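Please examine the sequence and the three-dimensional structure shown below.

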Amino acid sequence: PFYALCCDLDVPLFMHPAPPGIDGPPGDPRLRRFELDIVVGFNLESTVAISTLIYGGVLDRHPKLDICFPSGGGAIACLLGRMAAAAAAPRPWVPEALREKG
């Protein structure tokens, strides 16, 4: 209902990442050194969120959904080939629409 409502109201969805440990329980201790929670953590969370939207079929179900990720989309641009290969492989979690597109 949330994504459909965003489409119906024609409002963009702004998704700001927040790696674990920023405002809640401690996150991955490996990210504490060199402030990697800030340096890579935000992009990691954006990459996971965008991948979940794609593989979960949200973008296919709501093609008019306008989403903004302020971190530049995480590492999605670098991972497009791997993501397409994963979608084309015979994995049970890949939606049919993605299998066709590859």
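How many disulfides does the count come to? The count comes to zero disulfides, where a disulfide is defined as a pair of cysteine sulfur atoms within 2.5 Å. In general terms, a disulfide is a covalent bond between the sulfur atoms of two cysteines.

The structure is a predicted model, in which local features need pLDDT of at least 70 and side-chain atom pairs count only at pLDDT 80 or more, while totals for chains, interfaces and linings use all residues. Residues are numbered from 1 along each chain as its sequence is written, and side-chain values use heavy atoms, with hydrogens and water left out.

**Cysteines**

With regard to the surface, residues are classed by relative accessible area (buried under 20%, exposed over 50%, partly exposed in between, with a 1.4 Å probe and protein chains only). C68 is partly exposed at 34%, whereas C78 is exposed at 71%.

**Aromatic pairs**

The structure holds two aromatic pairs. Rings of Phe, Tyr and Trp (its six-membered ring) pair if their centres lie within 6.5 Å; planes under 30 degrees apart count as stacked, over 60 as edge-to-face and the rest as tilted.

| Pair | Centre to centre | Angle between planes | Class |
|---|---|---|---|
| F2 and Y3 | 5.8 Å | 65° | edge-to-face |
| Y55 and W93 | 4.9 Å | 80° | edge-to-face |

In the pair of F2 and Y3, both partners are partly exposed: F2 has a relative accessible area of 49% and Y3 one of 25%. In the other pair, Y55 is buried at 17%, while W93 is partly exposed at 43%. What does the pair of Y55 and W93 tie together? Y55 lies in helix α2 (residues 36–55) and W93 in the loop between α4 (76–88) and α5 (96–101), so the pair ties together parts that are 38 residues apart in sequence.

**Overall architecture**

The protein has five helices and two strands. Helices (H or I, at least four residues) and strands (E, at least two) are DSSP runs, numbered from the N terminus. From that end, the order of elements is α-β-α-α-β-α-α. Along the principal axes, the C-alpha atoms fill a box of roughly 40 × 35 × 20 Å. Of the 102 residues, 26% are buried. Contacts (heavy atoms within 4.5 Å) can also be sorted by sequence separation: among those between residues at least 6 apart, 62% join residues at least 24 apart.

**Single residues**

D10 is placed in the loop between α1 (2–9) and β1 (13–14), and F34 in the loop between β1 and α2. D10 counts as exposed at 67% relative accessibility, and F34 counts as exposed at 59%.

Is A84 buried or partly exposed? At 27% relative accessibility, A84 counts as partly exposed. A84 is located in helix α4, and its C-alpha atom is separated by 8.8 Å from that of R99, a residue 15 residues apart from A84 along the chain.
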